[in-house]
Amino acid sequence: METNLIPYLPDTAPFTPEQRAYLNGLFAGLFAHAPRATNPAPAAKPLLPLTILFGSQTGNAEALAKRVAKEAGKQGFAPTIFDAAQYPREQLKTEKHLLLITSTYGDGEPPDNAKDLWEFLTATTAPALPELKFSVLALGDTNYEKFCECGKNFDRRFHELGAHRAHPRVDCDVDFEEPFGNWLAGALGALAGGGGVISESVISRSVTSAPVSATDSLVTGYSRAHPFPAPLVANRRLNAPGSGKDTRHFEIALDGSGLTYEVGDALGVVPANCPELADEMLRTLGCTGGEAVPGAKGGEVPLREALLRHYDITKIAQPLLQAMAERSGDELLKQLTAPGVNGELTKFLWGREIVDLLLAHPRAKFAPMEFVGLLKKLQPRLYSISSSPKAHPGQVHLTVGVVRYESLGRARKGVCSTFLAERAGGGAAAPVFVHTNKGFRPPADGSRPMIMVGPGTGIAPFRAFLEERRAVGATGKNWLFFGDQRSEMDFLYREELEAMHRDGTLARLDTAFSRDQEEKIYVQQRMLEHATELFTWLEAGAHFYVCGDANRMAKDVDRALHQIIEQAGGRTAEPAAEYVKKMQAEKRYQRDVY
């Protein structure tokens, strides 16, 4: 009897993930081409070296890179995975086959671990790459104006340097499984050069049967595709009366789910839309709600159910805007859907929802099935977990700012934040799953100091970090910078943080409340006020963390960090930048920004 047993190194093997991926690919290739004793085969084809780079902020790109390596190893490649921050730059000019998977964050920027590679490629000293065949998988979210901008930029720059696209770039929205599978099949097939090493049909089957999300928990079968219906056991407002904000502390029970998490991870919440908004949309469409339409995951569901649980009924998707422009004949909509429109479209869409579009153009009619075909699927929201499982076994906590505002004369609601605040609980479960974020963890060495900058809801993971450090008896000093609007109303977790300061868990607690005085003060200013001591902590090996708004706060904090290293460290701008890059490469500068 013949056997076809290919050795595969488990995650517990004493190797790095990159080494395991390489060795698994090597074993798979060797065994796939090994001659059988009873029927000697022709000499095996040599394995094709393949470099896989990932730029990842939350872990999706990294997890997909590992799946690429596993598949490539089965198909005659010898894959090697590199975190983009750790890739040897001098190796690039000798590469023959390269796949890049990268996300985009902030205002179209590279993720933190890919910034240095991007600077290297865009420098005047970047090498020519005439021998390189490459392909790019870009991860993004079409709700953002600069969708997949980082992947697009890398793709263009590789081409400018003389590299050849083995397979066209693929841009993925939040539902990336199908395009990822198609890209992988096409890219590996193209890089193999049609030499019979690879079977596209085999690849397509294998990758589409993989888990539906790259980093979501699959321990017990509960995942993004199959979330756990969790009871919401606590819903507490953190802001005092009179505050202009509504920030909530939620406690969710995980008993019986088998779901586990680590501090730094995120919790995915699958929301339901506001029933009042769904009903108004039905009236505007002239529908009863009982009409059968396709569900987001196949099959048919009543239209009202589809609007409640399957589709995004707030944000205006491009296909709907295009269809409305065509049917209404409205000149402004025609201009906004023309090629090359960016700023004008962003301004138009801000604060405007689908129902506004329908009410403004009542003569543009849509059949129910046609209408839902123009909508985006309702997506889970990811929230930084604000608890340690060691401090709260069987529970997971979230810190969420509830979104409510007015625009165009109408009250607006954030989909998931108001789902948790108003509609979950009281017998209504909150469907959840765990999203792993290995790139945001407290120091493995508990003696290392830790500096955390988390204004507003950015406090969430740092509450978890501090609980974890206290639970395990970590000896490293902890320093927290927290800020919000007013100290009397918006000092989130004040009692807990001040208690941690008193018992020594927090060596330093510095706050910045922007509206407690005439001149606004923010966390980055508090950092600069303590530049000398902060730099002393960095020199002692402190890890530096930031959580919160990517577009303004995180950039301001990053500038302040560079300035502190220049001033307190006696460096000019360039050596200070190298200091920060070294921190990032050592995983001592980590950000969870959104």
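Visitor: Which residues point one way from strand 3, and which point the other way?

Guide: Let's start with the ground rules. This is a predicted model, where local features need pLDDT of at least 70, side-chain atom pairs count only at pLDDT 80 or more, and totals for chains, interfaces and linings use all residues. Residues are numbered from 1 along each chain as its sequence is written, and side-chain values use heavy atoms, with hydrogens and water left out. A strand is a DSSP run of E, at least two residues long, and a helix is a run of H or I, at least four, both numbered from the N terminus. From strand 3, His 97, Leu 99, Ile 101 and Ser 103 point one way, while Leu 98, Leu 100 and Thr 102 point the other way.

Visitor: Which strands pair with strand 3?

Guide: Two strands pair if DSSP finds at least two bridges between them. Strand 1 (residues 48-55) pairs with strand 3 in the parallel sense over five bridges, with Ile 52 opposite Leu 99. Strand 4 (residues 133-139) runs parallel to strand 3 and is joined to it by seven bridges; here His 97 stands opposite Lys 133.

Visitor: In what order do the five strands of the open sheet come?

Guide: The order is 20-19-18-21-22, with parallel pairing. Strand 20 (508-513) and strand 22 (589-593) stand at the edges with a single partner strand each, so one side of each has no neighbour in the sheet. Strand 21 (residues 543-548) and strand 22 are joined by five bridges, and Cys 547 has Asp 592 as its bridge partner.

Visitor: What does helix 20 touch on the sheet?

Guide: Contact means heavy atoms within 4.5 Å. Helix 20 (residues 553-569) packs on the sheet and touches strand 18 (450-453), strand 21 and strand 22. For directions, axes are lines fitted to C-alpha atoms, for helices over the stretch in contact, and angles run from 0 to 180 degrees between N-to-C directions. The direction of helix 20 makes about 155° with that of strand 21.

Visitor: And Glu 468: is this residue buried or exposed?

Guide: Glu 468, in helix 15 (residues 460-472), is buried, with a relative accessible area of 13%. Leaving out residues up to four places away in sequence, Glu 468 touches Val 263, Ser 388, Pro 389 and Lys 390.

How values were computed. Buried < 20%, exposed > 50% of the residue type's maximum accessible area, 1.4 Å probe, protein only.
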